[in-house]
Every structure is written in structure tokens, then in C-alpha cells.
Amino acid sequence: MVYVALKPSYDADVIIAGAGPAGAAAACHLTRAGASVILLDRMTFPRDKVCGDFVGPSALIELDSLGISEMDGFARTNIARRAALYIDGEALIARPFPMIEGMPSFGRVIPRLALDNFIVDAARSAGARVMEGYSLAGFAAGGDAVAVEAANSKGHFTLRCRQLIGADGGSSTVARLMRGSAPPRRDRFIASRAYFANVEGPDDQLDVYFGHSSFPGYCWLFPTGNGEANVGLGMALETWPAHNRTPADMLRRLMRDDAALAARLRNASLRGKIVGWPLITYNHRLPIVSGRVMLIGDAAGLINPLNGEGIQYALLSARWAAETLAPCLREDDFSARALAPFAARVESEMRYDMALSRLIVQLIGNRALTPLWIGASKIIAVRAHKDANYASTVSGIFAGLLPARDALKVVGGTVGQAVRSLASKAVTTALSGPRGWAGPGVGTAQGRFQLASDAAKDPAGFAEWLIGAAACAIELGSQASRNAIAGKPKGTVVSAQKLSGLGIGLPGKIATDDF
Ligand SMILES: Cc1cc2nc3c(=O)[nH]c(=O)nc-3n(C[C@H](O)[C@H](O)[C@H](O)COP(=O)(O)OP(=O)(O)OC[C@H]3O[C@@H](n4cnc5c(N)ncnc54)[C@H](O)[C@@H]3O)c2cc1C
């Protein structure tokens, strides 16, 4: 008797759910490497996505490597060369982005309606089969294939592939099914966004506005060109004030009350609606691979909690996923072990910086300390006026050019000490129980008094904040010691390895190394 081994049949090597920047970029990389790819999205393109639309220098390098900067219309998208910070309506700093060797010294503000369409077009031209208007409704990963249940207005049907990539954004169905639960509350942020025409002021300047009423969140105004701008507000869900305002109401109020923002919008008219959107930030404890399945971009939670930036991580994780899959496709091994290098890459590139960002967000998340942070920001302003390098660092952090660890350098000597003492205090205090919460050493007398009275008013909420801060400090400490043991610099996504991989040389000494 002759036995014939039947090869399982597949609709594609890889199915990618979600055609945002992560999914479409992964489709480009994989098809260029010879894989057959189906790119599914529940929407039809061009489609809007609620975002600040800022595409930082690191993301521009990734887009360039996909040939997108050569596409028709890309060069006409708006360039941002400067960043300005305001506190309570007062101008704090306005600086050009810092010069870092091998990086563009500018970003772009590209409405997602256009940006995502550029990347989907690139994926289509590279040979990906783009299926618009199809949702991933479920999947089953088995021994030799993944069965993907796709749905559109006509019904449900099944597609088979060797590997599934979940690039379906912050409310990812793939992530929820893979992990068996939704992300925890502390990873969630909330934001709202609106477009305006007839905006005053320079088209090449990104504005970020802090104020007592919005802190620890912030507003932004990012010009999209021709006097138009994207205006929004972002804040950690846990720090959302205990009133019933929606994100849209809150943004409306800040546009009226913040003198600097109101000045830029003096003659502006709203285009369309103010729209709210949730964000999920990075949590290293949640898995991003399992057998035959991996998550990239927002589906993997790759958003920086400090500045809300996610496009560069979406594009980077797409490339890292494709690089991991090359040997898997060759050797027909899609086991969790074979996919693990992707998770390790994400962790080594991002975990330290994300841990530090989260610690900063957690510490500033306590409203009792708002006067301390606002006061410290004003000290930063005074120093920035005198010191150009220092001011460049501040604008570089907000442009996503410099890693979050530089945020501590910025606040070094002022709030830096407070951050460190708050972090260690949080650890000891969380462990010492309610009596320790009113104790000394939290930074300022005002902050200390307020913390003690907060603890008395809402002991459970206060304990939760302290434990959160303690957990962040411990996570950061463990990352710092891992990095020290490994003898590598503390997590920079803009790594020498990446830049040399793109053939644009190693980054030079950043002008801000002296801090
Ligand atoms: C208000 C706000 C402001 C922001 N500002 C910035 C900024 O200025 N700069 C920056 O870098 N980042 C910013 N971000 C973050 C940025 O928007 C995200 O990090 C980025 O969109 C991630 O890309 P992605 O491809 O992973 O996900 P997405 O862009 O969300 O794309 C996911 C895609 O999956 C599709 N999809 C969802 N579910 C399914 C399904 N079941 N089946 C098929 N398709 C599905 C969706 O239609 C969508 O097209 C902001 C986010 C918010 C909310």
C-alpha cells in the first residue's frame, strides 16, 4: 500500500487581523520576505482612527524603510520641527527637536485617514491580499494550522493559515481570546480628540498643555498643516476626576479655560465631532505570543504611558514580528518556543523605558502631589530658559526621540530627588500600613499633609495608589538590575543595533548626555 502525505492547505501563510500601522507594516515586511499574507480589517480604507497623529522621527525611519516616504502625497504632509510646553496657560519652553545623528530632526503630523491608507497601499503593492470590511470573530490554533473565523455583512466563514498575527488595536479580540481576559484597569488610559480649522500660530510647532485642572493628564495641539490642527486630551483612567464629565466635555472645558490653548483656538472652527477613545498601555506580565499566535502594536499594549505614543512601537513591533517569523516559516515551526524571541525582543527593547514611564505616571497620578509637580515644572522652565541643551532634552522626550529615562535626567536636582524618594517611600510605606502613610519624607510639607488627609478620606484608594507606585518602583528596580547584570544600556528603542540595521550608522553622542 502506498501512503500519500497530504499537506494541509492554507489560505495564506500568515493572516493579520487589523490593518492599522502595525498590521499593514507587518504585511509589507512579510510579503517582501516571500510569505503569502491576508490582511483583514473590519473597516474599509481610508478610515479615521482617533489619535494625536504625531509621527515621530523613529516612526519616520520605519516608514521610510517601507518606501512610504516616496509615495504620492507623503512629502506634502505637515512637518513639525518644534515642541512647546505650557503650564496653566503660561509658555514654559518652545524648542526645536534635538539633533540626534542618524535621525530626522523633525516629525510629521499626518491624519490617520491618510497615514494608515499609505501603509495599507504599500502592503497591497507588496502583494498582501487586503480584505476590507471583514472582522476576525474568533480563531482556533491547532497542531498544524490556525482556523480564523472571519465575518462580514454576508455571514461567517473560515480561513486557514500557518500563523495568526493580532494587530487589531487596543480592544483586540485576538489578545482577549489568547489571554482569556481583558487588560487590567491600571493599564487603561482615556483620550479625546477633535480637528479644528483656522488655528492661530505656527504650523510646525507641537503644543503640550499642562494645568492644575487637567494634571496629571495633558492636552495637545498638533498642527496638520494649512492652519488646521488635531487637539486632544489624554489621562490615565485611574486618575480620571470623580465627576461625570465625558472625555469630550473635559476637552471642551480645557479648550475654554486654558489661556494658551484658547488663544490658539480663538478664531478656530470645529470640524466634525469631538471623539473619545480608550488606550491600553504596556504590561510586561501579559503574554504576547502563544503557539501560532502573536500580538503586535496596540493589541500587545505597546503604548508609552508617559506620552501616549504608539505609532513607532506599532511599526517596530511589526518589523520584529516579521524578523522572528522568517525562520519559523522556513522550518515550519510556529510553537510558542519558536515565537518567544519576539516577546524577548519587545521586552528587552521596551520594558525598562515603559517601567520608568509607568512609575512617573503613577507618581504624578496622585492629585495630592499636583502642586509639587507643577512647581517642579516651573523650575524646569527657568532652567530651560538658561540652558539650550536642557530645553532640547525636554522637547525630545515629548517628541518620543529620547527615552523616558531622560525624563529623570530632566528633573534631576529638582523633582528627580522627589521621584526617587517617593518611589522608595512608596515601597516602604505600602509595606508599613496606614500609620506609615502619614509619615515624613514624601517630598513637600504640603504634599505630605495632603497625602495624609487623602489616606484618611479614602484609605482603600490611597492604598491602591501606593501599592501601584510600589509595584512600579519594584518593576523598575528589577529592570535596572537586569540591565546592569546584562551590561547593556537601559532600554532604548532607538538603539544602535536598529539604526545600524537600517544602514544609517550608529547614533552619535546625544547632545544631552551631560545631564
Ligand atoms: C487619542 C489618542 C491619541 C494618540 N496620539 C498618538 C500620537 O500622536 N502619536 C502616536 O505615535 N501614537 C498616538 N496614539 C497611539 C496610536 O494611535 C496607536 O498606538 C496606534 O494606532 C497603534 O496602531 P495599531 O496598528 O496597533 O492599532 P490601530 O491603529 O488601532 O489599528 C487596529 C486596526 O484593527 C482593526 N480591527 C479591530 N478589531 C478588529 C477585528 N476584530 N477584526 C478585524 N479588524 C479589526 C481596526 O479597524 C483598525 O484598523 C494615540 C492614541 C489615542 C487613542
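## A tour from the helix pair to the ligand

Start with helices H1 and H7, whose axes lie 8 Å apart and pack at an angle of about 35 degrees. This is a predicted model, and the tour treats it as such. The crossing of these two helices, H1 and H7, is right-handed.

Now show the side chains where they touch. On H1, select Pro 21, Ala 22, Ala 25, Ala 26, His 29 and Leu 30. On H7, the contact is made by Ala 314, Leu 315, Ala 318, Arg 319, Ala 322, Leu 325 and Leu 329. Coloured by class, the contact of H1 with H7 has eleven nonpolar residues, one polar and one charged.

Next, select the ligand and the residues around it. How many residues are around the ligand, and which come nearest? There are 37, and Asp 41, Gly 52, Arg 112, Leu 136 and Asp 298 come nearest. By class, the shell around the ligand divides into 19 nonpolar, nine polar and nine charged residues.

- Arg 112: a polar atom of its side chain is 2.7 Å from a ligand oxygen atom.
- Lys 49: an N or O atom in its side chain lies 3.2 Å from an oxygen atom of the ligand.
- Arg 42: here a backbone N or O atom is 3.2 Å from a nitrogen atom of the ligand.

Switch to a surface view of the ligand. Taken alone, the ligand exposes 1000 Å², and the protein buries 95% of that. To see which elements give two or more residues to the shell around the ligand, select helix H1 (21–32), strand E2 (37–41), strand E9 (135–141), strand E14 (218–225), strand E16 (269–280) and helix H7 (311–331).

Finish in the loop between E2 and strand E3 (54–55), the place of Pro 46. Select Phe 45 and Pro 46 and look at the bond between them: a cis peptide bond joins the two, with omega about 0 degrees. Asp 53 is also found in the loop between E2 and E3. Phi of Asp 53 is near 70 degrees, a positive value in a residue other than glycine.

How values were computed
Residues are numbered from 1 along each chain as its sequence is written. This is a predicted model: local features need pLDDT of at least 70, side-chain atom pairs count only at pLDDT 80 or more; totals for chains, interfaces and linings use all residues. Side-chain values use heavy atoms; hydrogens and water are left out. A residue is near a molecule or strand if one of its heavy atoms lies within 4 Å of it. A polar contact is a pair of N or O atoms within 3.5 Å; within protein, one must be able to donate a hydrogen and the other to accept it, and residues adjacent in sequence count only if both atoms are side-chain atoms. Accessible areas come from the Shrake-Rupley method with a 1.4 Å probe; for residues, only the protein chains shown count as cover. Helices (H or I, at least four residues) and strands (E, at least two) are DSSP runs, numbered from the N terminus. Ala, Val, Leu, Ile, Met, Phe, Trp, Tyr, Cys and Pro count as nonpolar, Asp, Glu, Lys and Arg as charged, and the others, Gly among them, as polar. Axes are lines fitted to C-alpha atoms, for helices over the stretch in contact, and angles run from 0 to 180 degrees between N-to-C directions. A crossing is left-handed if the near helix is turned anticlockwise from the far one by less than a right angle, and right-handed if clockwise. Contact means heavy atoms within 4.5 Å.
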